[in-house]
Amino acid sequence: LILWTWMFFIYNRNIKLYEESSHDELTQLKESLDNKGNILVNLVSRISPAALISLDMYTLDIIASEVLEDDEVMSIEILGKEKEQLLSKKKDEDGFPVVYFEKEVKTDKEKHDAEMITGKIRIGMSTSNYKKTETRNAENIVAVRKKMVFSFILITVFITILISITIILVR
């Protein structure tokens, strides 16, 4: 009985630690995706004002193509001053939800004597790494629970046999 209680305590503690670790990992993946999306949209919004003002589609296309080379980037959309779509590039969908990051493109106040909105950048990032990790962790928790239930059954059978043998020997 003491062994069984001890195993039950250890099992619950291990599951709790694994669930906390899984939650921490998912939190870090989400923060990483958010940081990456914000960094990319900020970078593109800083390097594209001149191309947007002059409607330099060649430069905008190069910028969009470079951004789209990242594995997690699923789409990029560049909108003009009046929110009209100037450029849109997409990859084939990977079956996972997409998170969008947007930022207005503004001219540099110091270079142009005034800050002026020249357009908007919208980047879609895949959540595939997050969703795959979430699924894997959930499956691992279920597998660990199954193993622990099996262990409890074995321990219970073992304890029952020991008690039975002890009773037989005592008589």
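Modeller: Let's begin with a term we will need: two residues are in contact when heavy atoms of theirs lie within 4.5 Å. Keep in mind, too, that this is a predicted model.

Colleague: Thanks! Let me try that on one residue. Which residues does serine 45 touch, not counting residues up to four places away in sequence?

Modeller: Serine 45 touches Lys103, Glu104, Val105 and Ile121. The serine itself sits in helix H1.

Colleague: Is serine 45 buried or exposed?

Modeller: Buried means under 20% relative accessible area. Serine 45 has 4% relative accessibility, so it counts as buried.

Colleague: What lies 2.9 Å from a polar atom of the side chain of serine 45?

Modeller: That is the backbone oxygen of asparagine 42.

Colleague: Let's move on to empty space. How do I read a cavity?

Modeller: The general idea is that rolling a probe the size of a water molecule over the atoms shows where empty space is left. In this structure there is one cavity of 30 Å³ or more, and the largest cavity has a volume of about 40 Å³.

Colleague: Which residues line the largest cavity?

Modeller: The lining is made of Leu29, Leu33, Glu72, Ser126, Thr127, Ser128, Asn129 and Tyr130. By kind, three of these residues are nonpolar, four polar and one charged. Helix H1 (2–47) and helix H5 (128–170) each supply at least two of the lining residues, and H5 gives the most, with three.

Colleague: And pockets? How much space lies in the second largest pocket?

Modeller: About 200 Å³. Strand E1 (73–79), strand E2 (85–90) and strand E3 (98–106) are the elements that give two or more residues to its lining. That lining has 14 residues, and Met74, Ser75, Lys90, Val98 and Tyr100 lie nearest the centre of the pocket. Sorted by kind, the lining holds four nonpolar, three polar and seven charged residues.

Colleague: I'd like to look at a charged residue in a strand. Where is glutamate 77 found?

Modeller: Glutamate 77 is in strand E1. With 18% relative accessibility, glutamate 77 counts as buried, because the cut-off is under 20%.

Colleague: Which side chain makes a polar contact with the side chain of glutamate 77?

Modeller: The side chain of glutamine 85 does, at 2.8 Å. Leaving out residues up to four places away in sequence, glutamate 77 touches Gln85, Leu87, Ser88, Lys120, Ile121 and Arg122.

Colleague: Last topic: how should I think about a nonpolar core?

Modeller: In soluble globular proteins, nonpolar side chains tend to be buried together. Here the largest nonpolar core has 20 residues, and those with the most contacts inside it are Val44, Val73, Ile76, Ile78, Ile121, Ile123 and Met125.

Colleague: Which elements give two or more residues to this core?

Modeller: They are H1, helix H2 (49–53), helix H3 (57–68), E1, E3 and strand E4 (117–126). The largest share, five residues, comes from H3.

Colleague: Could we zoom in on valine 73? Which residues is valine 73 in contact with, leaving aside its neighbours within four places in sequence?

Modeller: Valine 73 is in contact with Leu40, Val67, Leu68, Lys91, Ile123, Gly124 and Met125. There is also a second, separate core of seven residues, with Tyr11, Met148, Phe152 and Ile155 among them.

Conventions
Residues are numbered from 1 along each chain as its sequence is written. This is a predicted model: local features need pLDDT of at least 70, side-chain atom pairs count only at pLDDT 80 or more; totals for chains, interfaces and linings use all residues. Side-chain values use heavy atoms; hydrogens and water are left out. On a 1 Å grid over the protein atoms alone, a cavity is a set of points where a 1.4 Å probe fits but cannot get out, and a pocket is an open set with protein on both sides within 12 Å along at least five of seven lines; lining residues have an atom within 4 Å of a point. Grid points are joined across faces, edges and corners, and a volume is the space filled by probe spheres set on the points. Helices (H or I, at least four residues) and strands (E, at least two) are DSSP runs, numbered from the N terminus. Ala, Val, Leu, Ile, Met, Phe, Trp, Tyr, Cys and Pro count as nonpolar, Asp, Glu, Lys and Arg as charged, and the others, Gly among them, as polar. Buried means under 20% relative accessible area, exposed over 50%, partly exposed in between (1.4 Å probe, protein chains only). A polar contact is a pair of N or O atoms within 3.5 Å; within protein, one must be able to donate a hydrogen and the other to accept it, and residues adjacent in sequence count only if both atoms are side-chain atoms. A nonpolar core is a set of buried Ala, Val, Leu, Ile, Met, Phe, Trp, Tyr and Cys residues joined through side-chain atoms within 4.5 Å.
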